[in-house]
Amino acid sequence: MSAPLQDRREGSLEAPTRHPLDWLNPEFYNEEAALKEMERVFDICHGCRRCVSLCNAFPTLFDLVDESKTMEVDGVDKKDYWKVVDQCYLCDVCYLTKCPYVPPHPWNLDFPHLMLRGKAIQFKQGTPTQGRDKLLSNTDINGKLASIPVVVQVVNKVNKMPAVRGLMESQLGVDRKAWLPEFAPHKFRPNAAASAAHPVRNGERTPGKVAIFSTCYINYNEPGIGHDLIKVLDHNRIPHVLAEKEACCGMPKLELGDLESVAKLKEKNIPQLARLAREGYAILAPIPSCGLMFKQELPLMFPNDADVLAVQKAMFDPFEYLVARHKDGLLDTDFKSGLGNVSYHIACHLRVQNVGQKTRELLSMVPDTEVNTVERCSGHAGTWGVKKEFHATAMKIGRPVFRQMAEHPKGETRWIASDCQLAGHHIEQGMEEAGKLGETDMAHPLTLLRMAYGLPA
């Protein structure tokens, strides 16, 4: 299993590159070939162990190796490889921030996409929890059903009942202790304010008009974040539109390995997003996972699709766009209200977009504001952290984050915030259970920015 001598170099000094995902090739679903590639990659990981602190996939792998008869990968039963696959939630942090052997290194190691291949094989074959997993990943359907008037109040109420949560745990495998999002009585898209007739002011780095891809979470669960984004755009005299006929970005389906459903959602979203991109709009997605889907995963699944590549080029994280707007000299920085001590968690799916810490950069411009940045996985990982078999692990992964968010170097933490609102609530739950929440409140960074401008809720 050892690498050829000419390939035995410690890491790469070159920027990581990503090969397209060969998911349409029948060989992609060849279990024997996938297990052989896992053995190769796991052997490299075992010899390095640099990623041991990132998530539970690597400790699971290393425990399997250390407890085997040979204490090498060849001593691990290949059936146990699937235990490693199950622990990976495709955050991509190992690939883009830790691993020294990613392409163009000749060892060509892409751990997350190998795990995705494993998940795709599992999905094709069927798993005992597939019904539950499909249900949790149907964000559009769940949102539409749960946000029906009267139904929404009932759903939100019963989701808090211990007896119902116990039933959900036994029948659906949703952990009774896990935080679950509420559904909003008034969805974002039908109630979003129309844009004022601002003139389009293009900058060197930024288009002067914005299209908002609101995301399922903003539309069905916390529309206030979307309204805050609109208020910030309007305050900065940036005209906006909403993306038409918006469907789920596909990330929940990708995390299951349900790549055919990802492709179907792509066919719903990409044509109208590509039209907006070609009309000169910056496309903003206020949830990092959705932005990453359009910036990275769909282009890797469809590398020759011109529409996908046009959307990739036009897609921005909101704070990425606003900081670029500032560099263009077109952002209002006349903030009216300080925010105090803010502990800010940078979401994994934003870290791997390689745009830098733009949220921290902009919030730090607000007077009387001290931003403490925590750059570590919270453990939530979308639907992964609410599942019975993973919730305790999700809380364990998040413990260092819960502690660091509470321990602001300037004193008591006034606000905790994460670009991923799911991670924000997970952190809030972890801090509360550890007795570290106190008088601290949680808000999305866009809400904090709206408050800093002195704009009404």
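Where is Arg237 found? Arg237 sits in the loop between helix 12 (223-235) and strand 2 (240-242); helices (H or I, at least four residues) and strands (E, at least two) are DSSP runs numbered from the N terminus. This is a predicted model, in which local features need pLDDT of at least 70 and side-chain atom pairs count only at pLDDT 80 or more, while totals for chains, interfaces and linings use all residues. Residues are numbered from 1 along each chain as its sequence is written, and side-chain values use heavy atoms, with hydrogens and water left out.

**Backbone points to look at**

- Most residues other than glycine have a negative phi, and most peptide bonds are trans.
- Arg237 is not a glycine, yet its phi is positive, at about 60°.
- Arg237 is partly exposed, with a relative accessible area of 41% (buried means under 20%, exposed over 50%, partly exposed in between, with a 1.4 Å probe and protein chains only).
- Met71, also not a glycine, has a positive phi of about 60°; Met71 is in the loop between helix 2 (57-66) and helix 3 (81-87) and is partly exposed at 47%.
- Pro103 and Pro104 are joined by a cis peptide bond with omega of about 20°, and Pro104 belongs to the loop between helix 4 (93-98) and helix 5 (111-125).

**Helix 17**

- Helix 17 (residues 318-327) is largely enclosed by the rest of the structure, because eight of its ten residues are buried.
- The buried residues of helix 17 include Phe319, Glu320, Tyr321 and Arg325.
- At the start of helix 17, a side-chain oxygen of Asp317 comes within 3.0 Å of the backbone nitrogen of Phe319.
- Just after helix 17, Gly329 has a positive phi of about 75°.

**Gln429**

- Gln429 is part of helix 21 (residues 421-433) and counts as buried, at 10% relative accessibility.
- Beyond its neighbours within four places in sequence, Gln429 is in contact with Lys177, Ala178, Trp179, His391 and Met395 (contact means heavy atoms within 4.5 Å).

**The largest pocket**

- The largest pocket holds about 1100 Å³ of space.
- Of the 50 residues that line the largest pocket, Leu136, Thr139, Pro181, Thr383 and Leu422 are the closest to its centre.
- A pocket here is an open set of points on a 1 Å grid over the protein atoms alone, where a 1.4 Å probe fits, with protein on both sides within 12 Å along at least five of seven lines; lining residues have an atom within 4 Å of a point.
- Helix 7 (residues 139-146) gives the largest share of the lining, five residues.

Methods. Grid points are joined across faces, edges and corners, and a volume is the space filled by probe spheres set on the points. A polar contact is a pair of N or O atoms within 3.5 Å; within protein, one must be able to donate a hydrogen and the other to accept it, and residues adjacent in sequence count only if both atoms are side-chain atoms.
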